[in-house]
Structures are given as C-alpha cells and as structure tokens.
Amino acid sequence: MQILKTESKSPIDLAIDEIKHYLPSQAPLKDFIHHNTLHAFQNYEFHQGIQLSQKVFGFKTYLEICEYQKLFHENKISKEIIFNEIKIKDLDLSFFDFMIDPGLKFDIQPKVGRIRQMWEKIYNIDMDIQTYPLLFKYICNYLDQGISQMGFPYPELNFFEALKSIDRSSKKTVLFSDKGRARKLLHSESTSISDLLKILIKNESFHKNYLFDQQMSHPGWSGLVAQIESDPNSLILKRFINLKDIIKLELLLEIDFLDHFVGEKNWQPLDSIDPNLAEDLFALSAPTKAEIALEVFQKSYEKTYYDQVLTSLNVNLKSKNKSDLVNQSKVQALFCIDDRECSLRRYLESSEMQVETYGTPGFFGFEFYFQPGNSKNITKLCPAPVTPKFLIKEIGTSSSPLKDMHLKSEMSSILQSWVQTHILGYISAFKLLLNLFRPEITPGSAIARNHMDQISNLTLVHDQHPFFENGLQVGFTVEQMADRVSSVLKSIGLVENFSELIYIVAHGASSVNNPHYSAYDCGACCGRPGSVNSRVFAAAANTESVRQILKDRGLNIPGSSYFIGCLHDTTRDEVEFFDENMIPEKNLETHEAFKSNLIQSLAMNSKERSRRFYNLDPNESSEALNYKIKKRSVSLFEPRPELNHATNTLCLVGPRHLSKDIFLDRRSFLNSYNPEIDSEGNLLEGILNAAAPVCGGINLEYYFSRVDNNKLGAGTKLPHNIMGLVGVANGLEGDLRPGLPSQMIEVHDPLRLLIVVYQKPDFILDVIKRKDATFEWFKNEWVNLVAIDPKSHIFYIFEKGNFKEYEFTSGYIVPENSLENLILSTRENIKPNLIKDAK
Amino acid sequence: MNNLVLFIFIFPFLSFILSLILPQNEKVISRWALFAASINLMANLTALILFTASAFEPVFVRTGAILESHGYSFFAALYLDYVSLIFILLGSSVTFLITLYSRFYMHSENGYKRFLSTILFFYFGFNTVILAGNFESLMAGWEILGLSSFLLIGFYQNRFLPIKNSLKIFSIYRIGDIGLILAAWSCHILLEKNISFDQFSNLESLNISLGHNQFLAFFLAFCLILAASVKSAQFPFFTWLPRAMEGPTPSSAIFYGSLSVHMGCYILIRTSALWQDQILAKALIFIIGGITVFMCQSTARVQSTIKSQIAYSSLVQIGLIFIEISFGLIPLALVHLIANSFLRTYQLLISPSVVTYLIKEQFYDPKQNEYYTKNFSNYFLKRFYVNSVKEWNIDHIHDKYLWHPLKVLGRIFSSLSTGNYFALMFGFSGVLVALGLYRPELSTFIVFAMTFIGLSFGLRAFAEKNNAIFAWNLIFLNHLWVGISNKMLTVHNTDLIIYLSGILPSWIIGYILLSYLKNQKNDLHIRTHQGLNQKYEKLSLLFLFCCLGLSGFPISPSFIGEDLLFHNIKAQEIWMSLLLAVTYVLDGIAIMRIYSRLFLGPNLDHNLDYSLKSS
C-alpha cells in the first residue's frame with residue numbers, strides 16, 4: 001500500500017506533503033490549542049530531533065550557553081548532576097571545563113534558505129520584500145473571517161480559482177504586470193508547479209529544496225493554509241485553500257517580478273548552484289562539541305529540578321500514616337488537571353472544611369458539541385482529537401452579545417462615516433478615560449462566564465428531546481450518561497466515601513485585548529471554558545435513573561450526596577455555580593459553608609498569584625489582591641491578565657496524598673488515579689493517552705516558545721496586528737506569528753514535562769506500549785516518566801526504553817513552616833517544598 | 001500668560017532631557033513620564049482658562065535675535081492662538097492617556113525607557129510645531145517629529161520590517177521637509193523679512209506682498225501643501241501610514257492614529273493666510289483631499305488586517321478634513337480632527353479585542369455570513385478591487401519615478417572608479433572656482449555647477465552599498481561643496497563658519513567611530529542590515545548623534561547655518577533653492593540609511609537568536 005501510494009504521486013507532490021509535515025500546525029485564533037511545536041521531529045529522540053531542527057531550519061532549540069552557565073552559577077543546575085551526565089555520555093571530565101568556559105560560542109548556519117539567497121547574490125534583488133506583501137494580502141483577504149468590509153470576490157470558489165476569476169474580470173492583473181507571460185501561465189490549465197519551478201531553476205534536483213526555502217521563510221501563512229486544508233471546518237466562513245495553490249501563486253509572483261522588474265531578457269533560470277544544496281536536508285550528522293554541551297546542560301537543568309520534586313515526594317510519602325488518608329470531609333471537589341488549579345485545591349484542602357479534591361481532564365468525560373441559545377453555530381467541547389456524536393443545546397436564554405460600534409462599523413457612504421466619526425470620536429475619549437481609571441467588562445472582552453448563560457436550560461436528556469440534528473444526537477441517554485459518570489469517577493478513584501456535596505469545578509479565563517484568549521481556556525474543552533461540561537456532569541450524576549444504573553454496576557452513590565457544577569475563572573479568581581436553585585434544602589447549609597470557604601480560598605489564591613504580577617504587591621491583604629486581580633483582567637493595558645500555563649513542568653498521576661502537603665508552585669498537572677482499582681490498566685491507559693499529548697503538548701509549546709521566541713514563538717505581543725481574525729502578525733506586511741507571545745513565556749523555565757505515575761513500573765510499561773503514538777512520547781523522551789511503586793515506595797525512572805531505579809542526589813529537604821512566608825519571599829520560581837502549615 | 005506659554009514650551013523639553021539621565025528603572029521612569037504628562041495637561045488647561053479670560057487674545061513670545069547676519073535675523077518665536085491652544089490641549093490629553101496606558105502595557109519590554117523617552121521627545125517636537133511662531137521654530141519641531149517617528153516605527157530594532165519601514169517613512173518625510181524648507185524660503189523672499197505668524201493676521205499687507213509675485217506665491221502654497229500632504233499621508237503619499245504601525249500599539253495610537261498624522265492639517269490651518277486667496281491652491285487642497293477620500297475609502301474596504309483598516313479609514317476622514325480646510329471651514333475642520341484623533345487612538349488601542357468581538361458576532365449572527373458572501377458588485381470588482389488591494393500601486397510608483405531614478409543617477413557616478421571620480425570632480429570644481437575668480441558674471445552658473453557636484457557626492461553616497469566610511473565621507477564632501485558654492489554667492493564668512501561648525505565635528509567623530517568599528521574586524525558594508533547595535537550599544541547611540549549633527553538637525557548650529565544658506569538665494573534663483581533642498585533631503589536619507597543599515601536590523605552572526613525576515 002505504502003509503495004503504491006508513493007508511485008501515484010509526483011516528486012513535487014511528495015515534497016509538498018513533506019513540507020506540510022514540517023510547517024507549524026496551529027489552528028486559527030479562535031481554536032488556539034497548545035501542541036508540540038516541533039511535532040515533526042517527534043520520531044527522533046528528543047535531543048537528536050531538536051538538534052536536527054537546529055541544523056535544518058536554524059531554530060534555536062536550547063537556551064543560550066551563557067544562560068545555562070548563569071543558571072549553573074546560581075546553583076539552579078547542580079554540579080553533581082552535570083558530572084553524572086558527562087559520565088553517562090562517556091566523556092572526559094574535562095568536558096565540564098569546556099562547558100563552563102565563558103568564551104564558548106555556538107555557531108550554526110541553517111540549511112534551509114541557501115538556494116533562495118542566489119537571487120540576491122546574482123541579481124541583487126530582494127525577491128521576498130516584493131512578493132510577500134501581495135502574496136500575504138491575497139491569502140489574508142481570502143481567509144478573512146470578518147474584518148474587511150468588502151470580502152474577497154468569489155468566496156465560494158477555491159483560492160486559486162477565485163484569484164483567476166478576479167484576474168479575468170478585472171482590468172488589472174492580480175500579479176505585477178498586465179501583459180507578462182506569468183499572467184498567461186496563471187490562466188493556463190496545464191501549468192504545473194514543476195513547470196513553474198523549471199522557469200526559475202534549471203536543474204530539477206534543486207526543486208524540492210527550493211520549495212523548502214520558499215515555504216519555510218514564511219512558515220506562518222503556509223502553516224495556516226496547510227492547517228485549513230486539512231480541516232476546512234475550523235473556519236466559520238468556509239474557505240477552500242491548499243498549500244499547492246499558494247506555492248503556485250508564489251512561483252508566479254516570483255517569475256512575474258523578475259520579468260517585470262529585472263526584465264524578461266535580463267535573467268536566466270538559476271544554474272550552477274552548489275550541488276551540495278540538492279542534498280537531503282534531514283540527513284543526520286554527529287553532534288558538535290558545543291551541541292553536546294547544550295544537551296548536557298539541558299539534561300542537568302531538568303534533572304536538578306526533577307530531583308527536588310522527587311525528593312519532596314519521597315519525604316512526603318515516608319511521613320504519611322495510613323490513618324491520615326480517610327476522607328472525613330463534607331465536601332469533595334473535582335477539578336481539571338490544569339496546573340492553574342493546583343493552588344486553589346491546596347487552599348480548599350487546608351480550609352476549615354478540609355475539602356477533598358480530585359483532578360481529571362476538564363471536560364469531565366462528556367464529549368459533545370454545544371449550541372448557544374442565540375446561535376446557529378456549534379462549538380466542540382471536548383479534547384481536540386475526539387469527534388463527538390452528541391449535541392447539547394442551550395434553551396431559554398435571553399442574552400445576546402453586546403454591540404460596540406468602535407469595534408465594527410459598517411460605513412456605507414462617506415457622509416455616514418463623517419457623522420459616525422464625530423459621534424464615536426467624542427465618545428471614545430470618555431471610554432478610554434474610563435477604562436484607564438475604572439476598567440470594566442466591555443463587549444470586546446472575553447469573559448469565561450459568558451460562555452453559557454447561567455439561567456438557561458440545557459438539552460441534557462435525549463429522551464426529553466428525542467431528535468437528531470445534522471447527524472448529532474441531542475442530549476445523552478441515561479445509559480450514556482451513566483457510562484460517562486462512572487468512567488470519570490473510576491478513573492479518579494472516587495468509588496466510595498462520597499461526601500454530602502460534590503462540586504464539579506470547570507475552569508475558564510477572562511481577558512481583554514487578547515487575541516490568544518482561547519489558549520487561556522480549558523485545553524480539554526478545545527480552548528473553551530468547561531462550564532457546560534461541568535453542568536452536564538453534575539446534572540447527569542444527580543439523575544435518579546443514572547444513579548440506579550451505577551448502583552447496579554456496583555458504584556453506589558448515596559442519596560444524601562449531591563453534585564453541583566460550577567466554573568472557576570482562573571483569571572479573575574471567582575466562581576459561578578450552576579443550577580443553585582435546584583440544590584436540595586438539606587444541603588443548603590453545607591453549600592453556604594462551602595461558599596464562604598471558597599471565597600477565602602480564592603482570595604488566598606489571588607495572593608499567591610499576585611507575586612508573579614509586577615504591578616501588584618503580594619504583601620497586601622488577600623481580599624484587596626483579589627479585587628485588583630479582577631480589575632486587571634479587564635484592563636485594556638494589561639498584556640498579562642494571567643500567566644496561563646507558564647512554569648508548568650510536572651504531571652502527577654496518582655492519589656492526592658502523594659503530593660498533598662507539597663508546595664509545587666502551581667507547576668503541576670494533577671490527575672487523580674487509584675492504582676488499587678485498576679487491575680487491568682485500562683484506567684491508566686485512558687489517563688496517559690490523554691496526559692502525554694495534552695500536557696506534553698502544552699509543555700513543549702512553552703518550551704520552544706521560550707527558547708526561540710523569535711522563530712518558534714510569536715515575539716512580543718505589543719505590536720501585534722490582527723490578520724483576518726485567523727492569526728496575528730507584526731505590522732501590515734509581516735508573516736503570521738504562530739506560537740506563544742513573549743508575555744506568556746517570560747517566566748517559564750524551559751524544562752520538559754516529568755510525568756510521575758503512582759503505579760508499578762512493569763505495569764506502566766505494559767500500559768504505555770498499548771498505543772504507538774503514546775509510547776513514542778515516552779520512548780523518544782519528549783516527556784519524562786517516573787514510576788513510584790505504591791507498595792515499596794521505590795522510585796523508578798524511564799530512560800532509553802526501560803525503567804531503572806532512581807538514585808536521589810539531594811536526599812532530604814527542610815520543611816518550610818509557613819506558606820505565606822514562602823510566597824512573600826520571592827517573585828521567582830520556588831523550589832518544591834513540604835509545608836507544615838499550609839495556610 | 002507669556003510666562004505660561006514659555007513654560008508650556010520649555011517643560012516638555014526639560015522633562016525629555018531629564019528622562020534621559022534617569023536610571024533604567026521602570027517605576028522611576030514611568031512615574032516621571034506620567035508626572036510630566038500631567039503637568040503638561042494642567043499647564044495647557046490653565047492656559048485655556050487664562051486665554052478665555054483674556055477674550056482670546058493671541059499671545060506672541062519671541063527671543064531676541066539668536067543670530068544677526070547682514071539684514072537677516074534668526075530668532076525663535078512662540079505663538080498661541082485658539083488653533084494652537086486646541087492642538088496643544090488635544091496633544092497633551094492624548095499623550096497623558098497614552099502615557100498612563102503604556103506604563104503597564106510596556107512592562108518588562110526591552111526598551112521601556114527608550115519608549116517613554118521617545119514619547120516625551122515626540123511631545124516636545126509636537127509642542128514646538130504647534131507653538132512655533134515662525135518658520136524657523138516650526139522647522140525645528142518638524143525635524144524632531146521626523147526623528148521621533150523614525151525611532152518609534154523602528155522601536156523593534158532587530159526585526160527587519162520595522163527597520164525597513166522606519167527608513168522608508170523617514171525618506172518620505174524628507175520629501176515633506178523639502179516642502180517646508182522651500183516654503184520658508186519663498187515666504188522670506190516674498191515678504192522680504194523673517195515673518196512671524198502673528199503677522200498673518202495683518203491680512204492687507206500680506207496680500208500686497210503675495211500679489212506682486214504670483215508665481216512665487218503659488219510656489220509657496222504648493223510647498224506648504226506638499227509638506228502637509230506628506231505629513232498627513234494624503235495622495236500620493238498615503239501608503240506610508242499603515243506601514244508605520246510597526247511599533248508597540250500605543251505608539252501607533254498616539255502617532256499615527258492621532259497626533260502626528262494630523263500635523264499636515266495643522267500646517268495648512270496655521271498658514272492659511274498664505275494661500276487662502278489663491279483659488280488654485282484651494283483647488284489643489286480640495287483635489288488632494290478628494291482623491292485621498294476616494295482611493296482610501298476603497299482601500300479601507302478591502303483591508304483584512306485591523307490596523308491597516310483603521311489607518312485607511314482614518315485617512316478618509318483626513319481627506320475630508322483637507323476638503324473642509326480648502327473651503328476655509330476651519331472650526332469645522334478642528335472639530336472633525338479632534339473626533340478623528342480620539343476615535344483612531346481608541347480603536348487602535350482596543351484593536352486586539354476585535355478577535356473576540358467579531359468571532360462572537362460571527363458565531364451568533366448568521367446574517368454576517370450572507371452579507372459576506374453576497375455577490376460582489378461587478379462594477380467595483382472590475383475597476384477597483386485589484387487596485388485597492390494593491391493600494392493603487394502608490395509604492396511602486398514611488399519606487400519607479402522617485403527612488404529608482406535617484407539610485408540610477410547615483411550608480412552612474414559610482415560606475416567610475418573612486419580615483420577617476422574624485423579626479424574628475426575635484427578637477428572640475430577647481431576649474432569652476434578659477435573661472436569664478438576671473439569671470440564673476442558667470443557666478444550663477446558656477447554656483448549651480450558646484451552645487452550640482454555637491455549633489456553628485458550625495459547621490460553617490462545614496463547609492464553606495466559596500467563601504468559605509470566612504471559614504472560617510474561623501475556626505476561630508478557634499479556639505480563642503482554646498483558651503484563653498486554658497487560662499488560664492490555672498491561675501492559673509494560667518495555663514496559658512498556657522499554652517500560647518502556643526503557638520504565638521506559630527507563628521508570627524510563619526511569617522512572615528514566607523515574606523516574603530518572597522519578595526520574591530522567588522523565589514524562595514526551597507527547592502528543589508530547588520531544589527532551592530534546589539535554588540536555596540538553605546539557606540540550606536542553616539543553615532544546616531546553624529547548623524548543628527550551631520551544632517552543639520554536642530555541640535556547643531558548647522559541648522560541655523562542651513563537657514564542662512566537659503567537666505568542667500570534670491571527670488572530668481574528658484575532652481576538653486578530647489579537643488580539645495582534636494583541635496584539636503586538626499587543627504588538626510590543617505591545618513592540615516594548608513595545608521596540604519598549598520599546598527600539596526602537582525603544580527604545574523606548572533607547565534608540563532610534572530611527573527612525571520614518575514615516576521
């Protein structure tokens with residue numbers, strides 16, 4: 001099959017497929033979801049892969065040597081661990097002196113881009129400057145989702161056909177010259193990419209690498225086009241575009257530019273190119289000494305931190321008594337595994353009610369499309385790879401989005417615009433003044449709680465709404481609900497000792513002036529707040545018939561227990577409850593008590609977060625800080641409403657007591673898991689199949705955006721311009737900037753994710769091998785893995801495909817007395833530590 | 001009141017100077033900037049009260065003559081009437097809001113201090129232009145605006161596009177500078193004195209002077225309109241405005257949304273006494289405004305990026321303001337202008353919100369889909385769609401008919417070997433000087449030829465690619481030749497001394513700096529950007545000062561010297577003044593080009609830590 005497929009495609013088509021693989025795969029802004037930026041290299045071992053990407057594309061995939069050296073001198077990289085790594089690499093110990101030599105330089109010339117430089121060398125022209133503006137403009141105008149007042153003509157055609165139609169019906173060409181040969185080539189049906197390439201480059205052996213040069217020099221637009229090609233449904237206004245189209249257009253523009261500005265007779269196809277430039281770009285070569293130094297530094301940097309974490313886990317486990325672990329709380333709460341929920345969980349646990357908390361991916365096992373009341377469109381609320389068959393509709397809502405003429409004004413005539421400018425102009429002076437001094441929610445803000453109308457109803461039960469829409473089943477059957485509720489409860493190990501109230505805490509984020517808003521919401525809900533999911537889960541788990549089925553399956557939820565859905569706004573530190581009016585009267589007292597505990601915990605959470613925000617003083621009272629944090633979330637001038645996943649490095653899979661009294665500084669994803677009820681490994685399999693790509697993807701996107709913010713990140717967001725609502729770019733003529741802006745990653749330490757699983761090593765190995773895609777993450781070490789044997793409490797680390805017992809470097813830690821002192825001590829990252837008094 | 005006006009003028013300058021010596025500490029700098037902005041605003045409000053109390057009596061303050069030279073006196077003057085009051089109120093309130101905004105917005109950005117200092121510098125320039133009481137003061141402010149523009153557009157010094165665009169826009173601004181220089185010159189010639197703006201109200205005598213040389217009067221109006229069209233991005237210059245939006249959003253908001261882009265309107269309003277009786281000039285303003293409205297309206301409609309859409313929508317309004325001005329509807333124009341300033345500032349500041357807002361709208365309001373995909377007006381499509389997307393090819397026209405010919409001319413000169421070239425030029429100049437001594441009646445021709453040789457140095461510097469030091473020296477030679485030829489027009493040595501007093505030291509220091517760089521094994525080519533400022537931060541700043549000195553920026557006495565040179569040119573020598581103006585403009589561009597190419601841009605030698613050219 002494989003061979004047949006290759007034969008049917010031309011070499012150019014194959015090359016284009018290969019290019020697509022290496023282009024950034026970032027969806028349009030509204031669906032921004034974290035993923036591994038260098039996913040194309042994931043079939044290599046991590047360091048091999050990122051070193052290759054360095055040589056081929058010039059990506060800077062490590063910190064700079066001087067940064068590592070600085071970290072070493074600040075004791076953030078342990079000398080002992082460096083020596084260990086040097087030994088593992090079979091290097092001489094003098095390599096250490098080489099590494100810390102301040103004069104050590106790292107120099108590399110990327111392979112991509114070399115053929116294209118010939119134009120400048122021979123004809124002394126900068127083709128990029130000339131062709132990009134038009135190329136980008138056409139793509140952007142075609143894909144535009146609503147900025148331009150007059151859209152692209154012929155939007156129903158595919159991009160290239162639409163362009164041809166414009167060219168035909170217009171007096172002016174879409175290219176440069178009205179009478180050139182390129183215009184004829186544009187309309188000729190028989191023109192292929194390879195024909196166009198031949199006009200530009202004589203020898204065909206260079207064609208593939210030339211295309212790489214061309215497309216990788218504007219990876220933003222090319223990547224988005226490839227992404228939309230593979231999933232046209234990611235745009236609300238459907239567009240049909242593929243990478244081949246834009247390659248063809250770009251080649252035509254290049255030919256026409258040369259013809260028009262250099263003169264058709266004054267240039268020849270490129271010839272006499274260095275034959276080396278036709279080589280396979282991805283040929284592996286041995287790492288240089290400097291690369292090895294970077295690799296050793298990076299590994300030691302990670303291991304220094306890992307060792308601190310593992311040591312604290314070890315000390316914590318040894319100090320626990322079995323009797324501590326029985327739940328006596330009146331309240332339990334299910335949170336998303338998100339690292340931003342760590343601290344809130346810690347405060348709730350140490351609050352008066354001693355809430356017991358659990359972590360599970362924030363769609364709470366219910367996968368569906370959601371249709372808000374006033375919309376005909378649907379949005380997916382589950383992890384991105386899942387394709388749901390269900391539809392939940394919002395009914396009985398009265399709200400509709402507010403209008404703001406400053407953000408969109410349809411000027412139809414000059415006179416109207418004249419009048420409008422006067423009216424809006426003077427209003428905007430006041431609006432600006434108001435927002436500077438008293439920031440408030442505006443129609444342009446992205447507010448988590450607006451995702452769903454709190455007082456609306458949902459079409460949860462299929463039997464009450466027995467119909468299908470566009471092939472989607474409206475609501476869930478009782479059986480389907482029971483399946484989902486039980487699988488979530490089992491996966492987190494909550495199968496007995498149910499409390500009186502069980503809260504399902506979804507999360508979302510609020511911000512203003514933030515094109516990347518959807519990256520701040522719940523990753524398990526496709527970059528949306530998880531409010532609908534939590535409400536659905538709670539309602540399903542409260543349904544009598546569902547409980548009956550669960551009881552039959554041996555999962556007995558007592559009648560006295562009640563589930564309540566709610567949404568935690570991680571930016572504003574506020575919580576909104578759903579269906580509060582339906583809470584049984586007997587539970588109300590506990591609910592009120594929980595609320596007051598929660599308000600306190602949210603305020604403490606704000607205080608803990610405030611140490612990261614420059615313009616807040618963490619010494620102020622927690623209530624005051626909570627108020628200020630709310631205010632900054634809607635301030636136009638605040639590019640950091642929250643820090644999202646910055647500093648994430650850990651993912652703990654196990655019971656809560658594993659890390660309960662450890663201060664992990666909001667750096668850990670926490671997935672609850674009870675090894676005792678997972679004899680087959682199915683629960684763990686489900687958890688790791690999601691955790692490795694989701695948490696690993698988040699972690700690596702932060703990693704690469706941090707180490708190379710210029711090329712793999714989006715650079716500073718302050719000058720960003722919105723392009724067609726699909727992406728951001730600098731200025732008018734820049735390429736799209738995928739990746740994360742510098743404001744999101746500046747406090748992030750580039751460390752790979754460490755997944756710690758509370759389960760026997762052989763058992764884990766068996767589970768992760770069940771799915772190749774998951775195993776690749778671990779085998780090639782794009783995430784690291786440690787097992788803790790639940791019986792012996794021995795730690796094992798997964799290296800080169802096998803577990804081996806972990807050797808601690810530091811061995812002990814001194815527990816910290818007061819959490820507050822710890823938080824107030826610094827604005828930097830804080831080491832993992834045991835806390836005696838968690839308040 | 002006079003003291004208050006003086007304070008309003010001087011305080012921004014002091015606050016800028018102090019901001020330079022403040023430590024690199026965000027809190028200190030931002031507090032100072034905010035304090036300065038509040039003081040400016042309060043002082044202007046006080047002025048408003050006093051002004052109202054004095055029944056809108058204009059205020060005129062002038063220094064004594066800074067330089068007195070054979071009947072020409074150079075002085076600085078301030079003039080405050082209701083127009084300038086409205087403008088400084090607008091300026092100080094927008095600056096205050098933007099400063100407040102930027103304090104937090106710019107946090108931890110590389111160049112936080114540079115940003116706020118540049119904003120203060122900009123405000124000082126803005127203030128100077130608005131309060132200027134004569135052309136000399138106005139020109140000083142004008143230069144400051146141009147420079148602060150260059151600095152803010154190129155705020156991200158190590159990315160390619162901002163650097164490219166900052167130089168491009170600086171070059172276009174220089175065209176506007178020609179307009180202003182020549183306007184000042186023709187005004188002096190026409191009115192036979194260094195006129196101050198308070199005398200504009202004396203219409204009768206003005207009309208008489210303007211009336212006796214109608215050609216020159218129109219030339220004066222034309223130059224003013226040229227300067228205004230460039231600064232306010234009107235036809236045929238409007239493409240620079242969207243390209244200026246490369247800096248942090250608040251700087252685009254204050255500059256290109258609001259204050260800077262309306263300066264052209266201000267110039268027209270301020271000098272309306274000089275053109276309002278010329279039907280031809282009024283028609284010209286009307287036509288420029290009209291074409292801009294038409295072209296920018298259609299271009300705005302097809303913009304799919306938010307900032308360029310705001311820019312073009314703003315230009316439509318400015319075009320309308322030009323039309324209002326052409327009809328003499330000054331109060332209407334002012335009201336319109338203020339509205340447009342605030343609207344665009346606000347729209348730019350909230351521009352990132354457009355994603356959430358419009359996606360929400362798309363999601364909830366399916367009407368949008370129909371609207372969007374509905375059939376295109378065939379007529380519009382045929383005639384204008386491609387033209388609008390290509391922004392009416394304005395950029396290509398500039399390249400083809402303006403910059404390219406200059407480069408071709410430059411290349412003709414550089415096709416000669418350096419030795420031959422100098423031998424030829426020096427020889428020719430020697431002959432001319434000798435001829436001048438024996439045949440004084442030919443002096444006009446000789447001066448012209450000498451200036452032209454000077455210009456050839458400038459052109460060659462403009463086209464130079466390989467050697468920054470060579471280009472630097474050529475620019476100096478250019479100035480020297482201009483100075484010498486001008487000396488032949490007059491008997492005064494002082495003019496030449498003043499002229500060279502700023503240029504000579506700047507040239508020498510610049511030369512030393514460049515030689516030092518060369519000794520440090522840098523290849524000082526200026527083909528592409530080298531980004532040396534990453535390695536030589538202090539040196540690059542110092543070199544920038546040398547560039548300013550060499551280009552006769554108002555920090556150096558050469559600024560006055562240039563003025564004196566123009567003063568020596570007589571009415572019938574209009575070609576001479578044109579040539580001289582072109583020389584200055586070309587010089588300025590060539591100088592900033594050296595700076596930009598050497599010190600700015602991505603530094604490819606610096607590890608892998610650079611941005612792609614396309615970003």
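Trainee: Why is B:Gln347 called buried?

Mentor: This is a predicted model, and in it B:Gln347 has a relative accessibility of 8%. Buried means under 20%, so B:Gln347 counts as buried.

Trainee: Where does B:Gln347 lie, and what is it in contact with, leaving aside its neighbours within four places in sequence?

Mentor: B:Gln347 lies in helix H15 of chain B, residues 330-349. With those neighbours left aside, B:Gln347 is in contact with A:His406 and B:Ile310.

Trainee: What makes the pairing of the B:Gln347 and B:Arg344 side chains a polar contact?

Mentor: The distance is 2.9 Å, and the cut-off for N or O atoms is within 3.5 Å. So the two side chains make a polar contact.

Trainee: On to the two chains. How do you know that B:Arg243 forms a salt bridge with A:Glu733?

Mentor: Look at the closest N and O atoms of B:Arg243 and A:Glu733: they are 2.9 Å apart. The limit for a side-chain nitrogen of Arg and a carboxyl oxygen of Glu is within 4 Å, so the pair is a salt bridge.

Trainee: How many salt bridges and polar pairs are counted between chain A and chain B?

Mentor: There are four salt bridges between chain A and chain B. The count of residue pairs in polar contact, both at pLDDT 80 or more, is 51.

Trainee: Which element gives the most to the side of chain A that touches chain B?

Mentor: That's H17(A), with 15 residues. Sorted by kind, the residues on that side of chain A divide into 55 nonpolar, 41 polar and 25 charged.

Trainee: What area is buried between chain A and chain B?

Mentor: About 10300 Å², with carbon and sulfur atoms giving 60% of it. In chain A, A:Met150, A:Tyr614 and A:Leu718 lose the most area to chain B, together 8% of what that side buries.

Trainee: Now helix H4 of chain A. Which of its residues are buried?

Mentor: In H4, residues 65-73 of chain A, the buried ones are A:Ile65, A:Tyr68, A:Gln69, A:Leu71 and A:Phe72.

Trainee: Why are they said to be on the same side of H4(A)?

Mentor: Because they cover an arc of only 160° around the axis, they end up on the same side of H4(A). The face turned away from that buried side carries the exposed residues A:Lys70 and A:His73.

Trainee: What covers the buried residues of H4(A)?

Mentor: The cover includes helices H5 (79-88), H6 (95-99) and H15 (289-319) of chain A. Just after H4(A), A:Asn75 takes a positive phi of about 65°.

Key:
Residues numbered from 1 in each chain as written. Chains lettered and ligands numbered in written order. Predicted model: local features only at pLDDT ≥ 70, side-chain atom pairs only at ≥ 80, totals over all residues. Heavy atoms only, no water. Buried area = accessible area lost by both parts, 1.4 Å probe. Polar contact = N/O pair within 3.5 Å; in protein donor to acceptor, adjacent residues only side chain to side chain. Helix = DSSP H or I, 4+ residues; strand = E, 2+ residues; numbered from the N terminus. Nonpolar A, V, L, I, M, F, W, Y, C, P; charged D, E, K, R; others polar. Buried < 20%, exposed > 50% of the residue type's maximum accessible area, 1.4 Å probe, protein only. Arc of directions from axis to C-beta. Contact = heavy atoms within 4.5 Å.
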